[in-house]
Amino acid sequence: MLTDEDGMGLAIAQAREGLRENGGGEVGCAIVRDGIALHLAHNEVERRKDPTAHAEMVAIRDLCGRLGVTDLKGCTLYCTLQPCGMCSLACVWAGISRIVYGATRTGVNTVYFETRHANTADFIRDCFRDDLEIRSGVLEVECNSFYAKPEEPAPDKETAAHQPTQPVE
């Protein structure tokens with residue numbers, strides 16, 4: 001049976017793969033059910049020119065398409081970085097039963113998150129999903145190694161999600 005550390009190890013391997021691939025990204029993800037890795041993915045935003053191609057979204061889309069389902073109940077999603085709001089809500093819609101992540105908002109530079117300061121746990125609580133378990137900090141030190149620390153200069157992120165919200169005029 002896979003432990004959470006084993007599942008996170010799969011996600012870490014995907015983060016490494018993403019760094020090696022042209023257009024890949026440093027966030028890795030694994031979806032596991034009943035101790036079996038069903039799908040592995042990494043961030044593909046630059047490669048696909050798709051702002052929604054986060055590792056979690058790629059994994060959910062690909063797995064649901066391959067299985068011909070929209071319900072991933074009983075699955076655990078492992079991610080090297082705390083899922084953003086979009087990915088958290090995708091997990092809710094897909095019926096993911098557990099989210100396990102390594103690096104947290106407080107352990108890495110804020111450039112990796114949208115500027116709205118929302119937390120994965122807040123999204124889940126606000127969706128009244130008491131059947132979705134969240135575990136953070138699994139292999140956190142190893143996961144943090146992929147990302148700039150809060151006090152370090154961060155990679156340039158020019159996407160809209162990383163810019164302050166502008167009022168509608």
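Predicted model: local features only at pLDDT ≥ 70, side-chain atom pairs only at ≥ 80, totals over all residues.
**Helix 4**
- Helix 4 spans residues 85-94, and because seven of its ten residues are buried, it is largely enclosed by the rest of the structure.
- The buried residues are Gly-85, Cys-87, Ser-88, Ala-90, Cys-91, Val-92 and Ala-94.
- They pack against helix 3 (55-67), strand 3 (75-81), strand 4 and helix 5 (120-126).

**Arg-98**
- You will find Arg-98 in strand 4, which covers residues 98-103.
- Arg-98 counts as buried because its relative accessibility is 17%, under the 20% cut-off.
- Its side chain makes polar contacts with those of Asp-4, at 2.9 Å, and Glu-133, at 3.2 Å.
- Beyond its neighbours within four places in sequence, Arg-98 touches residues including Cys-75, Tyr-78 and Arg-135.

**Salt bridges**
- The model has twelve salt bridges.
- A network of them links Asp-4, Glu-5, Arg-98, Glu-133 and Arg-135.
- Within this group, Arg-135 and Glu-5 form a salt bridge of 3.7 Å, N to O, joining strand 5 (residues 133-136) to helix 1 (residues 4-20) across 130 residues.
- Arg-135 is partly exposed at 33%, and Glu-5 is partly exposed at 35%.
- Elsewhere, Asp-50 pairs with Arg-61, with the closest N and O atoms 3.9 Å apart; Asp-50 lies in the loop between helix 2 (45-48) and helix 3, and Arg-61 in helix 3, so the pair ties together parts eleven residues apart in sequence.

Conventions: Residues numbered from 1 in each chain as written. Heavy atoms only, no water. Helix = DSSP H or I, 4+ residues; strand = E, 2+ residues; numbered from the N terminus. Buried < 20%, exposed > 50% of the residue type's maximum accessible area, 1.4 Å probe, protein only. Polar contact = N/O pair within 3.5 Å; in protein donor to acceptor, adjacent residues only side chain to side chain. Contact = heavy atoms within 4.5 Å. Salt bridge = Lys/Arg side-chain N within 4 Å of Asp/Glu carboxyl O.
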